[in-house]
Amino acid sequence: MTFSSLLESAETYFNEALPFVLYREPNATELKGVFQTDDTVYYTTDYSESGFVFAPFDSEQKTVLLPFANSEAFSVTVNYDEVSLKSKSKDTATLADKEAHIAVVEKAIESMKAGNFQKVVLSRKEMVEVKAEDFLAIYKRLLSNYRTAYVYCWYHPKIGLWLGATPETLLKTEGNRFKTMSLAGTQKYKDTEAVEWQEKEKEEQHIVTQFITSSLQGVSDRLEVSDLQTVRAGGVLHLKTEISGRSNSRHLDLQSVIGALHPTPAVCGYPKLLAKAFILENENYSREFYAGFLGELNKKVKINRNPKLRNVENSAYGTVKTVSNLFVNLRCMQLKKHEGYIYVGGGITTSSDPESEWEETINKSRTIKNSL
């Protein structure tokens, strides 16, 4: 199968109302596709299944699964000559959108000053004029514009059509080893990653990192935490810390790890339950799959530990491992028949400035708008 034929398969599946997902991992050259052979809605029960998962923000709701056993999977090299399509960003937010978002940010700051919680992530959705049938053109632009992001297009006829270019890993596993990241703090990219960060962003990042490391203490006794880094995601910069470890037991309990991590303070807040309750009460819309997670779950792959020994029997070459690669569903949009909805948000602490928080959502929304 070629790059063009893989995209054509996605278009055929969409027209025939069958589930599929296209995805390219950060900095990768391969585009992968999973095409389910029926239109059943499958769910995970305990994350022991094998397939592509699509999980909502609210962890109390079910996680959708495209089972590998009921699907055909393909991998092709991306042909960027076919995806370098030009487009321009157009801000579509209204004054009413701005006033509503600033009002809920101000309410959150008052609640935090009263001691109710330390951080909350507030989001909004913005309608844009776009047709669902244009999904492939948008997806090709996302592939071209955001090569360091996890770029996906997910469809199920009974659930909906979603696209995104997310910079954030929720969890990567290989056997009983795992990696995750703390990603928080945002400022506009201005031709350099050598920037100064304000205390608000540093505080936000520290809260996320502390939550993740404390949540994983029961999983691993020896966590490795990287130095703080500045990373670019499209037109914005973030603070990032990488966290890794090995399970204390022989087998990694994915259900426990995912339950401990999702939703992280990077998309929800801290303490988690209090922040989540504020979000559900005050955002006045359903996030659905925005700020949930997606990716490969328990996929069997061959791991090449030592390419020099690939012809030697009993070497590490060709060892089959079970891996999972899960990403937080950020910088995403939902496409309906004649309109689209872009989802964006930002972390709020007591030192947040409501006007600046609004501008942050505008900058983040351009990740998707630059591909419309």
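Ala, Val, Leu, Ile, Met, Phe, Trp, Tyr, Cys and Pro count here as nonpolar, Asp, Glu, Lys and Arg as charged, and the others, Gly among them, as polar. The model is predicted: local features need pLDDT of at least 70, side-chain atom pairs count only at pLDDT 80 or more, and totals for chains, interfaces and linings use all residues. Residues are numbered from 1 along each chain as its sequence is written, and side-chain values use heavy atoms, with hydrogens and water left out.

**Cavities**

On a 1 Å grid over the protein atoms alone, a cavity is a set of points where a 1.4 Å probe fits but cannot get out, a pocket is an open set with protein on both sides within 12 Å along at least five of seven lines, and lining residues have an atom within 4 Å of a point. Grid points are joined across faces, edges and corners, and a volume is the space filled by probe spheres set on the points.

There are two cavities of 30 Å³ or more. Select A266, L330, R331, G345 and K364, the closest to the centre of the largest cavity among its 20 lining residues. This largest cavity holds about 180 Å³ of space. Its lining comprises nine nonpolar, six polar and five charged residues.

Next, select L170, H262, P263, T264, V267, A291, G292 and V328, which line the second largest cavity. Its volume is about 30 Å³, and its lining has five nonpolar, three polar and no charged residues.

**Pockets**

Move to P26, T148, A149, P167 and R232, which lie nearest the centre of the largest pocket, out of 35 lining residues. The volume of the largest pocket is about 780 Å³. Its lining divides into eleven nonpolar, 13 polar and eleven charged residues.

For the second largest pocket, select E174, R177, F178, K179 and G245, the closest to its centre of 22 lining residues. Here the volume is about 520 Å³, and the lining has four nonpolar, eight polar and ten charged residues.

**Rings**

Show the side chains of F54, Y152, W154, W162, Y285, F289, Y290 and Y343, which form one aromatic cluster. The whole structure has 22 aromatic pairs (rings of Phe, Tyr and Trp, the last by its six-membered ring, pair if their centres lie within 6.5 Å; planes under 30 degrees apart count as stacked, over 60 as edge-to-face and the rest as tilted).

Return to R232, named above for the largest pocket. Which ring face does R232 lie over? R232 sits over Y189, 3.8 Å from the ring centre (NZ of Lys or CZ of Arg must be within 6 Å of the ring centre and within 35 degrees of the ring normal). Finally, select R287, which lies over the face of F57 at 4.3 Å from the ring centre.
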